[in-house]
Amino acid sequence: MTIKIFRNFSEIATLSSAHHKNGRRLNHDDLGLIKNGSIVFNQEKILWVGEDRNIPEDYLRKGHAEIDVSGKVCVPEIVDSHTHLVFGGDRSHEYTMRLNGASYEEIANSGGGILNTTKGTNALTRNELLKSAQQRVKTIRSYGVGTIEVKSGYGLSFEKEYELSHIIHDLKNIVRPDVQIINTFMAAHAVPITSPNSYQYMKEVVLPLLDKLGEEQILDCVDIFHEQNYFSHDDVVSLFERAQRWNIRVKIHADEFNDNKGAILAVKHSALSADHLLQTKEDGIIALANSETVATLLPGTGLFLGKPQANARAMLDAGVRVSIASDFNPGSSHCDNLILIASISAPMYKMSQSEMWCAITLNAAHAVGLKNQGAIVEGLKPRFSIFKTDSIDRITYNWGKNLAN
Ligand SMILES: [Zn+2]
């Protein structure tokens with residue numbers, strides 16, 4: 001197997017001790033910074049990492065490909081663990097209505113909201129949706145993000161949701177191995193107007209479709225929107241139990257509008273992550289801290305809608321594994337740049353530098369079930385993000401500026 005050597009990064013943030021601590025209760029030095037660092041790796045794993053002057057002689061003698069990366073910074077691969085990037089239509093007008101004082105109801109009554117995107121998505125062909133999603137992935141990749149979770153959920157019918165899951169599957173095959181796509185089934189995103197209630201929609205569309213896609217083995221995760229007027233506790237349980245039958249890991253949109261005990265439900269079903277958590281109270285935070293479930297915070301949504309934010313500091317202090325994702329979607333967070341979101345939200349959340357980087361690398365990988373990446377240590381997968389700057393400080397200090405290699 002071909003061995004490559006990256007020589008002389010100005011800085012490598014290994015996150016090795018963060019990895020050792022399962023991404024919890026981090027100290028400032030858990031960034032694991034190495035100056036003038038080098039990495040030896042093959043396609044499958046990292047073989048060695050350390051200061052360039054300490055590279056084992058053996059690797060240098062054998063004439064492996066050496067790549068000069070001086071003046072650059074390397075971090076574990078950045079993972080956007082929550083996006084809704086397969087959609088049609090445009091909702092910029094709703095944003096303007098909101099700026100001009102329209103309420104959520106007024107926007108919904110004028111044809112806005114998720115159902116607007118459902119209309120726009122259903123108006124596009126499979127190929128049109130694939131092409132636009134591919135373009136969005138390309139843009140996200142340009143920021144240095146290498147793994148992207150993509151949810152279905154704007155079709156809201158058996159046929160269109162089936163098509164969306166297959167579009168994500170096609171996308172995954174097109175962009176690999178440069179970009180890893182995580183295919184998340186989220187037909188339980190909203191109840192379509194054609195169904196009388198969530199129970200009927202689950203019974204007639206979501207669960208049978210999960211069985212079909214489960215049989216085809218193209219899904220990585222299953223997700224559901226657990227809120228009043230969306231999907232109930234019982235809907236979540238029926239979906240999670242069905243996913244378990246197919247050996248598919250689960251995720252949940254939880255406690256965004258109200259504390260519906262979604263975080264506790266997630267922990268009970270060993271969910272990979274519980275996402276949003278704006279309203280989660282102490283009992284939910286304690287449950288998360290005592291579990292492997294990652295708390296995925298989506299600050300872009302609160303910022304864009306002018307809503308409050310999750311209590312990140314309480315979660316971090318309690319020992320919860322915290323991740324940050326973009327929630328890139330056409331309605332509540334039309335921002336595809338996770339690094340920009342991390343730059344803005346870390347000071348708002350009162351996160352340290354190591355907590356911020358861990359939230360978009362190691363813990364984000366864990367949130368999509370990838371336990372063999374997220375730190376630059378021997379034995380893990382060689383998935384890195386590289387930046388054209390000589391200091392990790394500058395990557396997020398220059399907020400909104402793209403320094404990716
Ligand atoms: Zn979402």
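The axes of helices H7 and H8 come within 10 Å of one another, and they cross at roughly 40°. (Axes here are lines fitted to C-alpha atoms, for helices over the stretch in contact, and angles run from 0 to 180 degrees between N-to-C directions.) What you have on screen is a predicted model: local features need pLDDT of at least 70 and side-chain atom pairs count only at pLDDT 80 or more, while totals for chains, interfaces and linings use all residues. Residues are numbered from 1 along each chain as its sequence is written. Helices (H or I, at least four residues) and strands (E, at least two) are DSSP runs, numbered from the N terminus.

Let's stay with H7 and H8 for a moment. Phe158, Glu161, Tyr162 and Ser165 from H7 make the contact with Val205, Leu209, Lys212 and Leu213 from H8; contact means that the C-beta atoms, placed from the backbone, lie within 7 Å. Sorted by class, these residues give five nonpolar, one polar and two charged. (Ala, Val, Leu, Ile, Met, Phe, Trp, Tyr, Cys and Pro count as nonpolar, Asp, Glu, Lys and Arg as charged, and the others, Gly among them, as polar.)

H7 also has helix H6 (residues 126–142) as a packing partner: their axes come within 10 Å and cross at roughly 45°. That angle is why H6 and H7 are described as oblique to each other. (The cut-offs are under 35 degrees for roughly parallel, over 145 for roughly antiparallel and 65 to 115 for roughly perpendicular, with the rest oblique.) On the H6 side, the contact uses Arg126, Leu129, Leu130, Ala133, Gln134 and Val137, and they meet Glu163, Ile167, Asp170, Leu171, Ile174 and Val175 of H7. Eight of the residues in the contact of H6 with H7 are nonpolar, one is polar and three are charged.

| Helix pair | Axes | Angle |
|---|---|---|
| H7 and H8 | within 10 Å | roughly 40° |
| H6 and H7 | within 10 Å | roughly 45° |

Eight strands make up an open sheet, with parallel pairing and the order S6-S7-S8-S9-S10-S11-S12-S13. (Strands pair if DSSP finds at least two bridges between them.) Strand S6 (78–80) and strand S13 (322–324) sit at the edges with a single partner strand each, so one side of each has no neighbour in the sheet. From one strand to the next, the twist averages 25°.

Zoom in on strand S8 (residues 180–188) and strand S9 (residues 221–224), and you'll find them paired in the parallel sense over three bridges. In S9, Cys221 is the bridge partner of Thr184. Helix H7 (residues 158–175) packs on the sheet too, where H7 touches strand S7 (145–151) and S8, with its direction at about 175° to that of S8. Helix H8 (residues 198–216), meanwhile, lies across S8 and S9 and runs at about 150° to S8.

Most residues other than glycine have a negative phi, and most peptide bonds are trans. The bond from Arg176 to Pro177, however, is cis, with omega near 0°, and Pro177 lies in the loop between H7 and S8. Leu15 isn't a glycine, yet its phi is positive, at about 55°. You'll find Leu15 in the loop between strand S1 (4–13) and H1.

Finally, step back to the whole chain. The domain assignment, automatic or from a database, gives domain 1 (4–76 + 375–397) and domain 2 (78–367). Their centres, taken over C-alpha atoms, are 31 Å apart. How many residues of each domain are in contact? In domain 1 there are 21, and they meet 19 of domain 2. Helix H1 (16–20), strand S5 (73–76), strand S14 (384–387) and helix H17 (392–397) are the elements that give two or more residues to the side of domain 1 that touches domain 2. That side of domain 1 has ten nonpolar, seven polar and four charged residues.

Definitions and conventions:
Two residues are in contact if their C-beta atoms, placed from the backbone, lie within 7 Å.
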